[in-house]
Amino acid sequence: MNTTRIQNTLETLFQDSARWLHPGRRVVFWYDPEQQFTSSFNELQLEGVEKLQLADTAFTVKYHLLVEQPNQTFLLYAPFAEPAPQENWLLDIQKSGLTFSADPAALIYADLGLRSRGLEIVIREHAKFFKSRKRTEALQAMGISPDSDERGLLLAMLSVLAGLKVPDAGTLIRRVLLGGLLESDNALWSDIERFISSEAFWEIVQEHTDFPKQNPSLNKLFVQLLITHFAKSLHDTIPPQLANQVITPGQRAYAFIDQWMRDQQDSLGWKILSSEVAEQLHIFDAIENLEPEVLFEAASFEVVDKVLIRTCVKTLQMQMGQQITELTPWRTWLQARHVIP
């Protein structure tokens with residue numbers, strides 16, 4: 001391992017206050033059970049940091065740190081494995097400091113500025129993702145919170161694959177769906193499966209939209225999101241043949257589609273996918289007999305306009321030559337359609 005790389009990482013570790021939960025002096029423990037980095041430790045020159053290789057008894061070290069130099073910042077290098085908690089006589093000091101490692105996953109963990117040591121395991125489990133310097137640098141550029149948990153880290157990694165500048169569950173899901181509803185033809189989906197996991201994606205989907213994780217698919221996801229939005233627009237007057245596609249409670253699913261529809265950049269993609277689903281589920285046939293007062297607020301499918309126009313024409317034909325009394329509500333209905341995105 002390059003000593004310069006280790007030195008830069010340690011300097012950042014000592015200097016970045018966001019990584020420390022307390023003010024005052026800082027102590028970093030470095031366990032090296034295979035003694036791979038002894039020479040690197042000896043070569044390190046860290047300004048303001050005293051290096052100490054653990055060899056004496058723990059009580060001697062403790063006396064040195066707590067009594068002789070209580071304000072000094074230390075790098076404690078241990079050329080042995082980390083002891084079990086019940087056998088670690090320096091555990092109290094270690095708990096108030098940070099632990100460093102020089103293997104690739106640990107260095108990435110340190111570079112990201114994370115606090116939860118469990119995330120080092122997550123990084124190690126996704127080595128394929130971090131083999132790319134471009135992906136790793138994009139993740140660093142996101143400025144992930146030091147207090148991020150596993151879900152937050154995975155969301156950020158998935159967001160990198162989607163080309164996002166910041167972690168965002170809604171935009172991530174939208175980008176995946178815009179890549180195509182058939183997994184085998186979706187390049188972003190292939191990257192997710194290759195570099196992270198489909199399970200991580202579905203966890204985020206469920207949390208953000210309430211979509212159930214049982215036997216999920218991209219087509220099923222979009223269909224249920226769209227039908228749920230449709231059901232809410234109809235004030236839950238949903239045709240029976242579509243009722244089994246509604247997500248409950250549905251507020252998050254409705255909000256997800258509503259934001260997508262109103263997005264200037266992505267609304268066209270939504271319309272294309274919505275048209276595919278309308279054809280797939282024969283939406284026109286399902287709603288052609290619904291009353292206009294039920295339909296006029298619904299914008300989930302463009303075929304709603306066709307049904308309303310057809311109903312309006314029929315109403316006009318039926319009242320030809322008669323006093324028009326039933327057309328007054330149409331002004332309200334059509335004006336409402338005019339402001340729907």
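Mentor: The largest pocket has a volume of about 460 Å³, the volume being the space filled by probe spheres set on grid points joined across faces, edges and corners. Among its 26 lining residues, Gln94, Gly97, Leu98, Thr99 and Arg117 are the closest to the centre. This is a predicted model, where local features need pLDDT of at least 70, side-chain atom pairs count only at pLDDT 80 or more, and totals for chains, interfaces and linings use all residues. Residues are numbered from 1 along each chain as its sequence is written, and side-chain values use heavy atoms, without hydrogens and water.

Trainee: What makes a set of points a pocket, and a residue part of the lining?

Mentor: On a 1 Å grid over the protein atoms alone, a pocket is an open set with protein on both sides within 12 Å along at least five of seven lines, and lining residues have an atom within 4 Å of a point. Helix 4 gives the most to the lining of the largest pocket, four residues.

Trainee: Why is Gln224 called buried?

Mentor: Buried means under 20% relative accessible area with a 1.4 Å probe, protein chains only. Gln224 has 8% relative accessibility, so Gln224 counts as buried.

Trainee: What is Gln224 in contact with, leaving aside neighbours within four places in sequence?

Mentor: Phe211, Pro212, Gln245 and Ile247; contact means heavy atoms within 4.5 Å.

Trainee: Which residues are buried in helix 3?

Mentor: Val61, His64 and Leu65. They cover an arc of only 85° around the axis, so they lie on the same side of helix 3; the arc is that of the directions from the helix axis to the C-beta atoms. Helices are DSSP runs of H or I, at least four residues, numbered from the N terminus.

Technical notes
Buried < 20%, exposed > 50% of the residue type's maximum accessible area, 1.4 Å probe, protein only. Helix = DSSP H or I, 4+ residues; strand = E, 2+ residues; numbered from the N terminus. 1 Å grid on protein atoms, 1.4 Å probe; cavity = no way out; pocket = protein on both sides within 12 Å on 5 of 7 lines; lining within 4 Å.
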